[in-house]
Structure formats: C-alpha cells, structure tokens
Amino acid sequence: LPSAMALRGVRVLEMAGLAPAPFVGMILADFGASVVRVDRVGSNSPATALLARRKKSICLNLTDRRGSSLLKRLANNSDVLIDPYRPGVMEKLGLSPRVLMASNPKLIYARLTGYGQTGPLARKAGHDINYLAIAGILSMLGRKEENPIPPINLLADFCGGSLTCVIGILLALLRRTETGKGQIVDASMVDGVSYIGTFLRSAQRLSLFAGSRGTNLLDSGAPFYDT
C-alpha cells in the first residue's frame with residue numbers, strides 16, 4: 001500500500017461476522033489499515049469472502065483456552081477490535097472490553113449491533129428491514145398507496161451500521177492522539193439509520209416532504225423524479 005494511505009500502521013482485529021462488520025474492516029483496509037479477520041474453526045461461508053479485500057485471516061477456537069489466549073495476545077498489539085456479535089457473546093468468551101482494554105488501554109473496541117448493547121431489544125435478532133421500521137424510516141419508502149419498499153439491505157446494515165461504526169472508530173483514533181487512551185464504540189443500526197434519516201424527518205415540516213408516502217418531490221411523487 002502507498003505510504004501516504006491515511007490509516008497505514010493502524011492494526012485491526014475483525015471478529016468474523018455478517019456483512020456490516022466485514023464492510024467496516026474492508027473500509028479500514030482500503031485506507032491503509034492492516035486488518036486480520038478472526039474466523040471460527042471450520043467456518044467456510046462464501047459470504048465471508050465477499051468483503052475480504054486486503055485482509056489477512058486466522059482461524060481460532062475461542063472456546064478453547066489456547067485460542068482465547070492467542071486472541072488476547074493479538075489484541076494487545078492491535079489498535080482496533082471489531083465485535084459483530086450480539087451483546088454478551090464476547091463477555092462469555094472472556095474477551096470483553098473490560099478484559100482486553102485492561103491489558104491494552106489504547107485499544108478501540110468497536111461493537112456493531114442492530115439494537116445497541118442495552119435495552120429491551122438488545123439481545124433480539126433482527127434484519128435491515130426491522131431496523132428501518134423501528135427507526136421510522138421504512139414507512140417513508142415506497143409509492144403512493146402501496147406497501148413500503150425495503151431498499152435491499154443497504155440502508156440500515158451498511159449506512160446506519162457500517163458507516164457510522166467507521167466514523168466512530170476514526171473519531172476514537174483521533175481522540176486517542178490527545179488522550180493516549182482507547183474507548184468503546186457502540187454502533188447501533190437502529191440509531192445509525194435514525195440519524196441518517198434526520199433530513200427526511202426535518203423535511204416533513206416543509207412542502208418538500210409534507211405529503212404521504214409516494215406523493216412528494218423525491219419519493220416518486222414528482223414526474224421528473226421517478227423511474
């Protein structure tokens with residue numbers, strides 16, 4: 001990689017997960033970070049390879065003491081760890097932020113979930129369409145007098161989740177240059193996509209988006225802004 005890459009020298013551990021977290025790792029790798037994906041022993045999902053650009057990988061059994069010990073050693077020499085699991089999984093493995101950051105206070109521990117680390121939905125499974133609905137965005141997408149149309153899984157998973165998580169990591173890296181300390185980044189897809197929807201909700205107070213779904217300037221309500 002060119003020496004001018006902005007994240008050159010930043011070391012990232014990515015716990016293997018579904019698409020939003022691997023996309024975080026891929027973005028960091030694309031801008032120069034050294035990313036190591038930690039796969040489960042025996043895992044061979046083709047989906048994992050889709051966002052593996054510029055990454056290295058290692059297979060570890062984290063339920064085994066030797067695998068857990070190796071992960072801790074890797075974390076001691078890392079700048080960022082990406083946790084894609086539901087709340088409590090890393091704690092059960094003995095790899096919580098408290099444990100890893102005690103050994104490496106400079107570690108930035110990024111946690112990416114659907115509903116956040118706390119609250120009544122924190123441990124529930126979910127998909128992009130669920131996060132969009134709860135955030136109040138799904139009801140705005142679609143044509144007049146038709147059901148809402150989910151935008152594949154791009155809006156909540158990748159925009160609300162991946163991109164806001166990357167922003168959190170970059171801000172934490174910037175802050176660390178002043179404090180010398182890492183921090184926990186808690187990225188929730190519901191919170192992220194709700195934040196991205198700020199303009200749409202604000203525009204409802206104006207003629208730009210004051211009508212019902214499918215009747216406004218930018219949602220297929222105008223003949224010059226349609227397909």
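This is a predicted model: local features need pLDDT of at least 70, side-chain atom pairs count only at pLDDT 80 or more; totals for chains, interfaces and linings use all residues.
View 1. Residues are numbered from 1 along each chain as its sequence is written, and side-chain values use heavy atoms, with hydrogens and water left out. Lining this pocket are 37 residues, of which Gly17, Leu18, Ala19, Pro20 and Pro84 lie closest to its centre. A pocket here is an open set of points, on a 1 Å grid over the protein atoms alone, where a 1.4 Å probe fits and where protein lies on both sides within 12 Å along at least five of seven lines; lining residues have an atom within 4 Å of a point. Rolling a probe the size of a water molecule over the atoms shows where empty space is left.

**View 2. The elements and residue classes that line the largest pocket.** At least two lining residues come from each of α1 (20-30), β2 (34-40), α2 (46-49), β5 (108-113), α6 (128-134) and α7 (154-179). Helices (H or I, at least four residues) and strands (E, at least two) are DSSP runs, numbered from the N terminus, and the protein has nine helices and six strands.

View 3. Two or more lining residues come from each of the elements α8 (189-196) and α9 (198-203). In this lining, 14 residues are nonpolar, four are polar and three are charged.

**View 4. Helix α1 and the glycine that follows.** Helix α1 is mostly covered, with 10 of its 11 residues buried, where buried means under 20% relative accessible area, exposed means over 50%, and partly exposed lies in between (1.4 Å probe, protein chains only). Among the buried residues of α1 are Pro20, Val24, Met26, Ile27, Leu28 and Asp30. Just after the helix, Gly32 adopts a positive phi of about 110 degrees. For the protein as a whole, 43% of the 227 residues count as buried.

**View 5. The salt bridge between Arg11 and Asp79.** Arg11 and Asp79 form a salt bridge in which the closest N and O atoms are 3.5 Å apart; by definition, a side-chain nitrogen of Lys or Arg lies within 4 Å of a carboxyl oxygen of Asp or Glu. Arg11 belongs to strand β1 (residues 11-15) and Asp79 to the loop between α3 (65-76) and β4 (80-83), so the pair ties together parts that are 68 residues apart in sequence. Arg11 is partly exposed, at 40% relative accessibility, whereas Asp79 is buried, at 8%. Arg176 joins Arg11 and Asp79 in a network of salt bridges. Side chains of opposite charge can pair when their charged atoms come close.

**View 6. Two further salt bridges, one of them in helix α7.** By the rule used, the count comes to 11 salt bridges. In one of them Arg175 pairs with Glu178, the closest N and O atoms being 2.9 Å apart, and these residues, three apart in helix α7, are separated by about one helical turn. Arg175 counts as partly exposed at 44% relative accessibility, while Glu178 counts as exposed at 61%. In another, the side chains of Asp64 and Arg66 meet at 3.2 Å, N to O; Asp64 is partly exposed, with a relative accessible area of 25%, and Arg66 is exposed at 63%.

**View 7. Ser57 and Ala16.** Ser57 lies in strand β3 (residues 55-60) and is partly exposed, at 48% relative accessibility. Although Ser57 and Ala16 are 41 residues apart in sequence, they are 9.3 Å apart in space, C-alpha to C-alpha.

Methods: Ala, Val, Leu, Ile, Met, Phe, Trp, Tyr, Cys and Pro count as nonpolar, Asp, Glu, Lys and Arg as charged, and the others, Gly among them, as polar.
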